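Dear colleague,

I am passing on to you the structure that follows, together with some notes on what turned up in it. Please read the notes with the structure open beside them.

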Amino acid sequence: MALPETIVEVKITSQSWSKGEIKGEVNAGSYQWHFKWHFPAGKLSITPTLGRSLIKEPLCRFLESHDYQLEAGGDYQFCLRAKL
C-alpha cells in the first residue's frame with residue numbers, strides 16, 4: 001500500500017541576504033500560502049492561517065536545508081508525506 005503524498009510547490013518571490021529574509025508562495029493540494037522566512041533567527045511566518053499548521057514544519061525543514069540554493073524567481077518542489 002502506497003503512502004499518501006502531496007507535491008508542494010515553492011516559488012521564491014524575493015530574497016535579501018542583507019536583511020536575512022526570503023519571501024515566497026507555497027501551493028499544496030488546494031491550499032495556497034505566502035511566507036516570509038527570517039533565516040538568521042529561524043523565524044517563519046505564513047499567511048493565511050487556514051491550513052498553516054499542515055505546512056509550517058515541512059516548509060521550515062525545506063528552507064533550512066536549501067537556503068543557499070534558493071534564488072528569487074526560482075520554482076522548487078518537495079514531497080510531503082500526507083494528502084492535502
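A patch of positive charge on the surface brings together Lys-19, Lys-36, Lys-43, Arg-52 and Lys-56. A patch, as the word is used here, is made of residues with over 30% relative accessible area and no salt bridge, like charges being joined within 9 Å and nonpolar side chains (Val, Leu, Ile, Met, Phe, Trp, Tyr) within 5 Å. Lys and Arg count as positive and Asp and Glu as negative, while His and the chain ends are not counted, and the place of a charge is taken as NZ of Lys, CZ of Arg, CG of Asp or CD of Glu. Buried stands for under 20% relative accessible area, exposed for over 50%, and partly exposed for what lies in between (1.4 Å probe, protein chains only), the areas coming from the Shrake-Rupley method. Helices (H or I, at least four residues) and strands (E, at least two) are DSSP runs, numbered from the N terminus.

Please keep in mind that this is a predicted model, in which local features need pLDDT of at least 70 and side-chain atom pairs count only at pLDDT 80 or more, whereas totals for chains, interfaces and linings use all residues. Residues are numbered from 1 along each chain as its sequence is written, and side-chain values use heavy atoms, with hydrogens and water left out.

Turning to the salt bridges, where a side-chain nitrogen of Lys or Arg lies within 4 Å of a carboxyl oxygen of Asp or Glu, the count is four. One of them joins Arg-81 to Glu-5, with the closest N and O atoms 2.9 Å apart. Because Arg-81 lies in the segment after β5 (75-80) and Glu-5 in the segment before β1 (6-16), this pair ties together parts that are 76 residues apart in sequence. Arg-81 is exposed, at a relative accessible area of 57%, whereas Glu-5 is partly exposed at 39%.

Another salt bridge links Arg-61 with Glu-57 at 2.8 Å, N to O, and these two residues stand four apart in helix α1 (residues 52-66), a separation of about one helical turn. Here Arg-61 is partly exposed at 47%, and Glu-57 is exposed at 55%. Lys-23 and Glu-21 also meet in a salt bridge, at 3.8 Å from N to O; Lys-23 is partly exposed, with 34% relative accessibility, while Glu-21 is buried, with 14%.

As for disulfides, meaning pairs of cysteine sulfur atoms within 2.5 Å, the count is zero. Cys-60 takes part in none, the nearest cysteine sulfur being that of Cys-79, 18 Å away, and for Cys-79 the sulfur of Cys-60 is likewise the closest, too far for a bond. Cys-60 is buried at 16% relative accessibility, but Cys-79 is partly exposed at 35%.

Two further places deserve a mention. Gly-42, in the loop between β3 and β4 (43-47), is partly exposed with a relative accessible area of 36%, and its C-alpha is 12 Å in space from that of Lys-56, the two residues being 14 apart in sequence.

Technical notes:
Areas by Shrake-Rupley, 256 points an atom, 1.4 Å probe, with all protein chains shown as cover.
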